[in-house]
Structure formats: structure tokens, C-alpha cells
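Biologist: I'm new to this structure. Could you walk me through how to read it?

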Amino acid sequence: MKTNHRTHSLFLLLLLPLFSAAQEGNTDNTRKNELSASVNYQSALHYFGRTDSLTSSGFFPTIGFQSAMGLYAQGNFIFVQNKALPLSYTGTTIEAGYRFRETPHFSGNLFYTQFLYKDKSTLVQSALRSQTGINLNYLSQIVNINTGLDLKFSNQTDVGATLGIDHLFLFNKGMTNAAFAINPSVYAYFGTQQFSNTYLEKRNVLGIPISQQTTQKVTQFNLLSYEISVPVVFVSGKFNASVTPSYTVPQNLITVAGRPDLSERGKELFYVTLSVGVKL
């Protein structure tokens, strides 16, 4: 599985620049070389609400660098834990891209992510090899509108889309070089799910009933899930921390009649993401 940590990393990437600008009371877009590092914990790993049977949690240190030009790279090192597995290294994601220069009403980025999972990974959707896409965000005092398009590559190519809205409540009165914010958000995730559905089909040939194995290729573009979250972020100088309670509802789970082993496992899920980091 591609864990959902990227969603919450994206929340922070969108929040921190806006947060800093509001904190400083200006819209100065001067950029500089910046090194960042964080440690993150997610109480339940999932892929658009799809889960494994062991209810895994995840721990993932992250390190990244962004140049003054807006080019950036970051790596996430994923550790998974569940009732059958102690905390174990499961894989690494490496992302590189470009963050557009922000305006008072616009931000966004282009990205490419390579997934390097261990053999026999315990993560759902570990067949995913790489992903590329674009995120575009319209910022206003009333509501921020966040959109994204991506391509996911495995043995086939899937198309994904994201649509979300949020509103940032900023609290920095009386604080020096520090601020606190709450960012209620609602997101919907769409995409194709390419898979092979193999089943036995009964036919009559010259009056004789026979069973024939049939493989059907299915491509669908559907709503995969929607999610409500409330990131709570604190920034003080070079230090930042966040707590994000989230509730996700999977949609259009793939089911194969009589074959639960071939059906997607998923359910409404509440989980929490914690993050502590620094920017240098």
C-alpha cells in the first residue's frame, strides 16, 4: 500500500508557507535553500480507506531539501507495526519536484515519487512503483480550494484526481516568532482501479454444459474515498509540530462474489497522524 502519509505531508506543505506569511504579516515570496526533517506517526495505515487485516500503524522519518529556485527532494522511510509484526522497515519513498512561487491566491507543485518497497511488503498496494502529478491550490480568506491530478504506475497505469476545501484559522496574537493554527479540511479522492477479475463461466456447447475460466479486464474511474480531517499545527521559529485527527470513508470497494480473498478490504476509519519537525 502507498500509505496515506503523503496526504498529511501535503497538508503541512500547504500550511507552513501560508502559516509563515500570515505569521510575519506579509507576502514576501523570497525563497532560500532550506533543509527539513521530521518524524511522523500514523495510527492506522490505509490506501483510500483500503486496509490490511492486521490494522497496521506506521512510523516514518522524513528528510528533505528545497532550493531557492523551488526545486525540492525528500525521502520517507516507512516502518510498519501490527499485532503480527514488530516495528519493521518496510520501504522508502523518494519524491522530487518543483514548488511554484506562491502568490496571495495561488500555490502548487509538480512531483515525481519512486516507491522502493521490500520484497513481500506487508503494505497494501505495494505493487505501486511510482507516481507523478500536479497539485494546484487557490487560496482565499474564505476557503482554500485544493486540486490534484496524478498518474500511478504499476504493471498498468492508473489515473487519480483530488478535490478538497479547507479554511485556516490562525492564532498568533501576543506570540513572538510563533503561531498556532487549526485547518478543518474535506477531501474527495477519485481514480481508476485496473485489475483482472477471473471467474468460471458456464456455457452450453452442443447441448453439453461446460465451465470455462474467463479473465475480464476492468477499468473504472470512481470516487475512491472521502475524508474529513482537522490538522492542528504549531510553528515556532524553525520548529513545527502537528496533530491531525482524520475520518476516512472508502467508496466503490472492489468485491468478487464468493471470493473474499480477491475482494478489497475497507471500512470507515478514524485515525490520527502526529508529526514533529524542523526547518533549517
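Modeller: Let's start with pairing: β1 and β17 run antiparallel and are joined by seven bridges. Strands here are DSSP runs of E, at least two residues long, numbered from the N terminus, and two strands pair if DSSP finds at least two bridges between them. This is a predicted model, where local features need pLDDT of at least 70, side-chain atom pairs count only at pLDDT 80 or more, and totals for chains, interfaces and linings use all residues. Residues are numbered from 1 along each chain as its sequence is written, and side-chain values use heavy atoms, leaving out hydrogens and water.

Biologist: Which residue stands opposite Y41 in β17?

Modeller: That's L274. On β1 and β2, also antiparallel, there are nine bridges, and N40 has F60 as its bridge partner in β2.

Biologist: How do I read "buried" or "partly exposed", say for F77?

Modeller: Buried means under 20% relative accessible area, exposed over 50%, and partly exposed in between (1.4 Å probe, protein chains only). F77 sits in strand β3, residues 71-82, and is partly exposed because its relative accessibility is 35%.

Biologist: What does Q74 touch?

Modeller: Contact means heavy atoms within 4.5 Å. Leaving aside residues up to four places away in sequence, Q74 touches I63, G64, T93, I94, E95 and R99. The C-alpha atoms of Q74 and T93 are separated by 8.3 Å, with the two residues 19 apart along the chain.

Methods. Helix = DSSP H or I, 4+ residues; strand = E, 2+ residues; numbered from the N terminus.
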